[in-house]
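Q: Could you take me through the side-chain contacts in this model, with a close look at one part of them: the pairs of charged groups? I would like one connected account that I can follow with the structure open.

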Amino acid sequence: MAFDIEMIKKVYASFATRIDAARKATGKPLTLTEKILYAHLTEGSASKAYARGKDYVDFAPDRVAMQDATAQMALLQFMQSGRTKVAVPSTAHCDHLIEAKVNSKTDLSRAVTESSEVFDFLASVSNKYGIGFWKPGAGIIHQVVLENYAFPGGMMIGTDSHTVNAGGLGMIAIGVGGADACDVMAGLPWELKMPKLIGVKLTGKLNGWTAPKDVILKVAGILTVKGGTGAVVEYFGEGATSMSCTGKGTICNMGAEIGATTSTFGYDESMSRYLKATGREEIAAAADAIAAHLTGDPEVYANPEAYFDQVIEIDLTTLEPHLNGPFTPDLATPISQMKAAAAANGWPTKIEVGLIGSCTNSSYEDISRAVSLAQQVTDKGLTLKAEFNINPGSEQIRYTIERDGFLGVFDKIGANVFANACGPCIGMWARVGAEKAEKNTIVHSFNRNFAKRADGNPNTFAFVGSPELVTAMAIAGTLDFNPLTDTLTNNKGEQVKLDPPTGNELPPKGFAVEDAGYQKPAEDGSNVVVKVAPDSKRLQLLDPFPAWEGTDLNGLKLLIKAKGKCTTDHISMAGPWLKFRGHLDNISNNMLIGALNFFNEKTDSVKNQLTGEYGPVPATQRAYKAAGVGTIVVGDENYGEGSSREHAAMEPRHLGVRAVLVKSFARIHETNLKKQGMLALTFANKADYDKILEDDTIDIEGLLAFEPNKSLQVVLNHADGSNETIQVNHTYNQQQIEWFKAGGALNIIRREFAANN
């Protein structure tokens, strides 16, 4: 079924005209990224060229996607906007609140019971405001979007950092916070700094054990977790066209781990095949008609150095399977070097659990290649040496692989199939024994492997690989196994070698499903009532944040000086905390509990300057708020790396933190802070981070003349009576300064709607 076909036809109808205008405005051939961005300018056809990495630009995305954990806050904000219906096609997907514990049926049933209040809220809000609703068990948002909504040349935003998965179908798809989604659903322009461009030229062709996942694992090793910040990664070359559409999606999905704004591929035959296989022949035909506009201009790919800010070249023919980790997704190790790396670093080599699936690797092709290895366990007399779990990406995938016998193969070797949901990938995994915090190793085909990410255990060493490599490693049960060269001992004492994985890009019998899990919204939702119980522990209606008081911020206390990696997982943990994603006050009790305090090397332990005592971060901040004392958070490099979760910005705002001062920000988190009326500042001199002392009282000066490109001053008043002034920078434009003054972007939306109605 093709959703929103008329909208897609409308986008395509203006594509050629807008691209011609963009070529004229820029005076050069265009990359695919530029074509899609210029085709989605709010102003219409381009009248000028925009400078990469400098100019803020207003865009008009085609659609919005939200997952249940972030949709709660996004829709609670949208309810305040005054609008009666979303302005663009939008969907909500229930995939984050299903904990993996027993099996798919049991876990789904338990989740529906435990989170019925939240699911009912999301269903009713969706019904009222014209939002498509995907029920619990329907699948993981990004797989469902790829199967149903993504289209070549489109532009989408989503309240999850892995929205970028849709780049596998030739979109510009970008992860955002709920406030950004609220803007677009309310029909307002969406602002983004014109991204820089990184081109990745793929030559050769994947073969043997190497999979699309290995491409992004290699790229992550090259660019690191922040090397793609502020940039779109565009893949091209013969290697790109030789891969499947879902393989491209895997690469784009994990582009979030290098900080990229998004990643994308040009339209090709693999995308056409995928559209047709998923019932969207009409879209494939429409894309075929403008195919030349849905990829970069030939001159660009012939001379990429002249059109991209950075170019990387990877030969797929010689690319080796990788395992990335532990504790960071950019620590890239070719499988041939893993044995030596594990020994040199003291990594536990016994693999306890292998996990495949997730939004990154849950396609039919992924599962079919993994099952070709699982079948060899039976055929070659082997035994699965590690626990092995599978999360199908959607009900359509699950139904199809059951029909084709794959689930039977997995079941025969002792594997366990969890629900069509995120599960362990986001920490929704009730792993037995994790509370003991024992040192252990797991391998998975997910995208992130931060400490505590999967099971809450800080001593779980998690390594990221392709589904087929993860399956092989689970069969072997040891990290120093290389399936390309090593043998295993079977039940007859024989040495046997695993054959390279094989599989089908698409199901030979076609996809099938009985109930995909979609609920269409009411044509007229005016009579739909959305109820939120005042005593609910899961949901809380929002009150507007207060406007700026019109003065400099003086007398701020240092809440925490975070040391090292401080991701959104450290600022607002997932896992069991997901249940409070719709209740701002309750979830604020996890604020910064994972951040490492520079002064005592502990987590969730900071000094309360009012009492001199150490205590949990949220409790200490609540004490400051009760006393009417503002605070500041200080952080290290790439602060806010990881998820798009805006709770990491809303919680400090709610509890009274006034500013966040860091060496550098991850893109989405910086935007989220701005949207909520916070000050997001960076050290002009990164060495000034060392000047921040535990007992400092801090003033932020220059706000009465707050302007774009103009530094502010921070005065550090030390406990010994001395003080020093440092310069701090910001990236606020005039509109974002107005967000700060109003107390948040939503306050402006609300005010404008009231004035016009």
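A: Happy to. Let us begin with Arg-110, which makes a salt bridge to Asp-107, with 3.2 Å between the closest N and O atoms. Keep in mind as you look that this is a predicted model. The two partners sit in helix 4 (residues 104-114), 3 residues apart, or about one turn of that helix. Arg-110 and Asp-107 are both buried.

Next, turn to Asp-455, whose salt bridge goes to Arg-431, and here the closest N and O atoms are 2.7 Å apart. Asp-455 belongs to the loop between strand 17 (440-444) and strand 18 (460-464), while Arg-431 belongs to the loop between strand 16 (416-417) and strand 17, so this pair ties together parts that are 24 residues apart in sequence.

Because Arg-645 lies in the loop between strand 25 (631-635) and helix 22 (647-655) and Asp-569 lies in helix 19 (residues 568-571), the pair ties together parts that are 76 residues apart in sequence. Are these two partners buried or exposed? Buried means under 20% relative accessible area. Arg-645 has a relative accessible area of 4%, so Arg-645 counts as buried. Asp-569, at 10%, is buried as well. Salt bridges can also share partners: Asp-20, Arg-23, Lys-35 and Asp-297 are joined in this way into one network. Over the whole structure, the count comes to 36 salt bridges.

Glu-238, Glu-305, Glu-313 and Asp-315 form a negative surface patch. One of these, Glu-313, is part of strand 11 (residues 310-315). Exposed means over 50% relative accessible area, and Glu-313 has 54%, so Glu-313 counts as exposed.

Now for the aromatic rings, to complete the picture. The structure holds 25 aromatic pairs. One of them is formed by Phe-78 and Tyr-129, an edge-to-face pair with 5.2 Å from centre to centre and 90 degrees between the planes. Since Phe-78 is in helix 3 (residues 68-78) and Tyr-129 is in helix 5 (residues 116-129), this pair ties together parts that are 51 residues apart in sequence. Phe-78 has a relative accessible area of 0% and is buried. Tyr-129, with 7% relative accessibility, counts as buried too.

Trp-548 and Phe-740 make another pair: their ring centres are 5.6 Å apart and their planes meet at 40 degrees, so this pair is tilted. Trp-548 is found in the loop between strand 21 (518-519) and strand 22 (553-561), and Phe-740 in helix 24 (residues 734-742), so the pair ties together parts that are 192 residues apart in sequence. Both Trp-548 and Phe-740 are buried. To finish with the rings, look for Phe-3, Trp-134, Tyr-149 and Tyr-518, which form one aromatic cluster.

Arg-110 and Asp-107 share helix 4, whereas Arg-645 and Asp-569 tie together parts that are 76 residues apart in sequence.

Note on methods. Residues numbered from 1 in each chain as written. Predicted model: local features only at pLDDT ≥ 70, side-chain atom pairs only at ≥ 80, totals over all residues. Heavy atoms only, no water. Patch = residues over 30% accessible without salt bridge, like charges linked within 9 Å, V, L, I, M, F, W, Y side chains within 5 Å. Areas by Shrake-Rupley, 256 points an atom, 1.4 Å probe, with all protein chains shown as cover. Salt bridge = Lys/Arg side-chain N within 4 Å of Asp/Glu carboxyl O. Lys, Arg positive; Asp, Glu negative; His and termini not counted. Charge placed at Lys NZ, Arg CZ, Asp CG, Glu CD. Helix = DSSP H or I, 4+ residues; strand = E, 2+ residues; numbered from the N terminus. Buried < 20%, exposed > 50% of the residue type's maximum accessible area, 1.4 Å probe, protein only. Phe/Tyr/Trp six-rings, centres within 6.5 Å; stacked < 30°, edge-to-face > 60°.
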